[in-house]
Amino acid sequence: MADIFLSYSSKDKARLAPLVDELRARDRSVWWDRELVAGPAFADCIEDELGKAKCVLVAWSENSIASHWCRDEAAVGLERNVLVPFRIDDIMPPLGFRSSHTPDLAGWPDREGELSQLLAGVAECLKVAIPVPNRSAPTAATEKTLLILPFRQTGGGAGDDYFADGLIEDVTSELSHIQQLQVISRSTAFEFKESPTPPDAIGRRLGATAVLTGSIRRAGDRARISAALIDTESGKTIWSETFNRTLEDIFAVQDELTSEIVTALDVKLVHGEQARLNRSRFKSVEAGHVFYRGLFEFHRFEPETMLHARRLFSQFVEMEPDSVLGYAWLTTTWAASLLVQWEAPQDALPAMQENAAKALDIDPENAAALIGNVYFHVLTGNLDAAHDFAQRAVRSAPSSDEALFARGWVEMFLGRFDQSIVSLEKALRLAPIPSAVRLGVAGTAYRNAQRYDKSIEIFRRLIEREPQFLFGYSGLASALALSGDMDGARKMVAEVLRIEPEFTVERFITPDFYRDPAVMQACADALAKAGMPSASAQDA
């Protein structure tokens, strides 16, 4: 009798072999050799092993969710209270098996995964600790999550923050392309700018294993950049360095920082990643400063600053016409302005199309270029092309919350609601302090999947954070109405009309990017029943 029964689709056997090796290296016995059982004893043998195993591991994948064997075996494990599910594809477990956390081992061991969480579940079932394997080189990748905090700007002028912020955003973006490293998003990291909380404490709060912190001091034509990598568990410094540079070669520090971090964390690079890290970003110092100023203005996210960012990125394109960065960020500024209705479609869409195409011509696998194409194709109604670009963006930058969010966004419009939730949850793990818009999209995805309790929870959290954010109230009203709580929905409709008296059902469902028009029609019908006025009623 084996300790562990592994339920899986035979099509996934090769993918699961490293996990079986890992468990056996940790002195655990695993039964998974289905093909060795032949003839009429096949079902009896499986039933016997399944009934005696102390732990039932179920590998959910695109193949296994369609297997009645896997569902039946999972049901036995659930009934016996020894089920430990995990997933090896970006899918949701079947209905009936979603009540507990399902560790993500997609791509493991070549990519980072939640192996420690799976092992914790196995240990709980077996009532014993899972030993660390006795070997010189582990078969599984050690899980590493990095938080890069904003560097302090000392000296220089008050307007020099753009340089420190831009450098950190650049390093974060580059490291997000490394498969063996998870990188907390820039948006979450910058919530802690100038925070008095110790860096290791911030890292522990956000689930990071290491934190990069530092400072930049500019004096005349020279700059000093001090950086330190801190282990969040012990609070000890893993690595530290001070870079003294002239302004002429200051941008080379970004390449040095990324390489030093990878070395200090003992991250294994796959083919092509070292070349990316060693690639120079800017051909001139002046162009680098213009680009960083563009990033700074973009993140201020006001109509005027967005225009200023666009002018700076256009200037960067003139200075470095062969760089993908300027075209990719021009696409992003137009997309952001269009989505929040600062620009008209007839102005934004041609500019997006032109810049997105140029970005891809220069670097067809650049994540920012691919994400720009995702937004363009969603906004022009080509969801299949948008999804293809989103998949490529995630492959290019597996730790990019932007790429994962874009994929989840497209999957939602395609009607793949469970897959959308998986992508969005991954993005939220990398950006645990998300923007109001991202929270709203997550709430919408759960609503579309008819997981109303979770949707309502997210929208309430959004309203608590942003009491005047109209989308929070309208989204909550739709989730409550569709769940059947009409009293609650009516209260939220009243709040919507308090904030925006002219709001209508038609405004809620416009624009409609969904492939299936029934999705937004169901929302419209439910909101109308909850008392939200229609445009025709207001005109009457």
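Predicted model: local features only at pLDDT ≥ 70, side-chain atom pairs only at ≥ 80, totals over all residues.
How far apart do the end C-alpha atoms of residues 436-469 lie, and how much of the span is helix or strand? Residues are numbered from 1 along each chain as its sequence is written, and side-chain values use heavy atoms, without hydrogens and water.

**View 1. Four strands form an open, parallel sheet.** The order is E2-E1-E3-E4. Strands (E) are DSSP runs of at least two residues, helices (H or I) of at least four, numbered from the N terminus. Strands E2 (30-31) and E4 (83-87) stand at the edges, each with a single partner strand, so one side of each has no neighbour in the sheet. Strand E1 (residues 4-7) pairs with E2 over 2 bridges; DSSP must find at least two for a pair. Phe-5 stands opposite Trp-31 in E2.

**View 2. Trp-342 sits in the loop between helix H12 (324-339) and helix H13 (345-362).** Trp-342 is partly exposed, at 31% relative accessible area. Buried means under 20%, exposed over 50%, partly exposed in between (1.4 Å probe, protein chains only).

**View 3. Gln-391 belongs to helix H15 (residues 383-396).** Gln-391 is partly exposed, at 26%. Its C-alpha atom is 8.2 Å from that of Ala-403, 12 residues apart along the chain.

**View 4. The ends of residues 436-469 lie 8 Å apart, C-alpha to C-alpha.** The span is 79% helix and 0% strand.
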